[in-house]
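Work through the exercises below with the sequence and the model side by side. Each task is followed by a solution in steps.

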Amino acid sequence: MSASPLRIAVAGANGRMGRMLIEAVTQANDCVLAGALGLPGSPELGQDAAAFLGRASGVLITADLHQGLAHADVLIDFTRPEGTLAHLAVCRELGVKAVIGTTGFSDEQKAQIAEHGLHIALVMAPNMSVGVNVVLRLLDMAARALNEGFDIEIVEAHHRHKVDAPSGTALAMGEVVASALGRNLKECAVYGREGVTGERDPSTIGFATVRGGDIVGDHTVLFAGTGERIEIAHKSSSRATYAQGSLRAARFLSGQSVGLFGMDQVLGLG
Ligand SMILES: NC(=O)C1=CN([C@@H]2O[C@H](COP(=O)(O)OP(=O)(O)OC[C@H]3O[C@@H](n4cnc5c(N)ncnc54)[C@H](OP(=O)(O)O)[C@@H]3O)[C@@H](O)[C@H]2O)C=CC1
Ligand SMILES: O=C(O)C1=N[C@H](C(=O)O)C[C@H](O)C1
């Protein structure tokens, strides 16, 4: 007898990632779409969540969080920080697990998510792609090996609609590098430069942000030494990788009851 399908609700159903997730969920043999959340006032409320694909899923987009989550095992949430936190409160009430892809949380908001993780099972990662999570491991190795004489700069580029900067992925890369070097990112990060900045302080980790067009997501970490430089780069050409990673995270959660996990644990890289 085959196992019951994993019942997945998608938040931000009209968003770039929301639509990618609805497509992925409806194509996966082991998952079923069980809810779709939209913002109050959105013109898509009441429409079938798969209408944009020219298909019917039988799930209507709703702004009623209890209704949208009532039949779900896992919520996949790529929205905005305040939206994710509102969704998590209802997930906790109903015992629904969650995969959080949203970026741009403050430290206080991250602490609230960690507290929810004491009661329900959560996966949270600023980047769900396998490639980026492997790059995070490579960066740890590179930073330890290049711990003297190399200046570290992180450059990221995204589409014109992105609202947070630097990207969650760039910040995660900075955290990995800073931790490998025994530095505190909050103390050593430099977010952009202008005017007479003075010479570069070797203890800093610099960030540069590019926004334009339809760039899905590019990240490069530069280790610039004397007479040589190393670049470790990842380029996304499709959001489908984020959606497939999110489904892996949702499947991982079916074996967990509480806790806050990262993609390194989902992918067995931890
Ligand atoms: N972890 C990862 O792998 C990835 C993370 N992301 C992150 O996911 C998030 C969403 O990205 P993207 O899909 O491009 O963004 P979009 O703007 O395309 O989609 C956001 C969705 O969330 C809805 N929304 C906006 N504000 C709220 C709120 N307060 N409460 C509930 N829903 C809300 C929007 O509704 P409406 O359409 O009505 O405005 C929209 O449906 C970003 O934080 C981004 O950085 C993106 C890609 C990969
Ligand atoms: O907003 C996006 O598009 C992306 N956001 C994530 C981030 O902030 O790191 C992941 C990916 O780069 C795409």
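**Exercise 1: the surroundings of ligand 1**

Task: Find how many residues surround ligand 1 and which are closest.

Solution. Step 1: the shell around ligand 1 has 25 residues, and the closest are G12, G15, M17, G83 and G101. The model used here is a predicted one.
Step 2: sort the shell by class, which gives 14 polar, seven nonpolar and four charged residues.
Step 3: look for helices that take part. At least two shell residues come from each of α1 (16–27) and α3 (81–94). The largest share, three residues, is that of α1.

**Exercise 2: the surroundings of ligand 2**

Task: List the residues that surround ligand 2 and divide them by class.

Solution. Step 1: the residues around ligand 2 are T103, P126, N127, H158, K162, S167, G168, T169 and G217.
Step 2: seven of this shell are polar, one is nonpolar and one is charged.

**Exercise 3: domains**

Task: State which residues make up domain 1 and domain 2, and describe the contact between domain 1 and domain 2.

Solution. Step 1: the domain assignment places 6–124 + 239–266 in domain 1 and 130–236 in domain 2.
Step 2: the C-alpha centres of the two domains are 29 Å apart.
Step 3: seven residues from domain 1 and seven residues from domain 2 form the contact. On the domain 1 side, α8 and α9 (263–266) each supply at least two residues. By class, that side has four polar, two charged and one nonpolar residues.
Step 4: turn to the record. An unreviewed UniProt entry lists residues 7–128 as "domain: Dihydrodipicolinate reductase N-terminal". Over this stretch the chain is 34% helix and 21% strand, with its end C-alpha atoms 19 Å apart.

**Exercise 4: nonpolar cores**

Task: Which residues of the largest nonpolar core touch the most other members, and what is V74 in contact with beyond its neighbours within four places in sequence?

Solution. Step 1: the largest nonpolar core has 50 residues, and those touching the most other members are I8, V10, A36, V74, L75, A98 and V123. Helix α8 (residues 240–253) gives the largest share of this core, seven residues.
Step 2: set aside the neighbours of V74 within four places in sequence. V74 is then in contact with L6, I8, V96, K97, A98, V99, A250 and L253.
Step 3: look for another core apart from this one. Such a core has 18 residues, including V132, L136, V176 and F207.

How values were computed. Residues numbered from 1 in each chain as written. Chains lettered and ligands numbered in written order. Predicted model: local features only at pLDDT ≥ 70, side-chain atom pairs only at ≥ 80, totals over all residues. UniProt positions renumbered as here; feature names shortened; annotations may be inferred. Helix = DSSP H or I, 4+ residues; strand = E, 2+ residues; numbered from the N terminus. Near = placed C-beta within 6 Å. Nonpolar A, V, L, I, M, F, W, Y, C, P; charged D, E, K, R; others polar. Core = buried A, V, L, I, M, F, W, Y, C linked by C-beta atoms within 7 Å. Buried ≥ 20, exposed ≤ 12 C-beta atoms within 10 Å, placed from the backbone. Contact = placed C-beta atoms within 7 Å. Domains from an automatic or database assignment.
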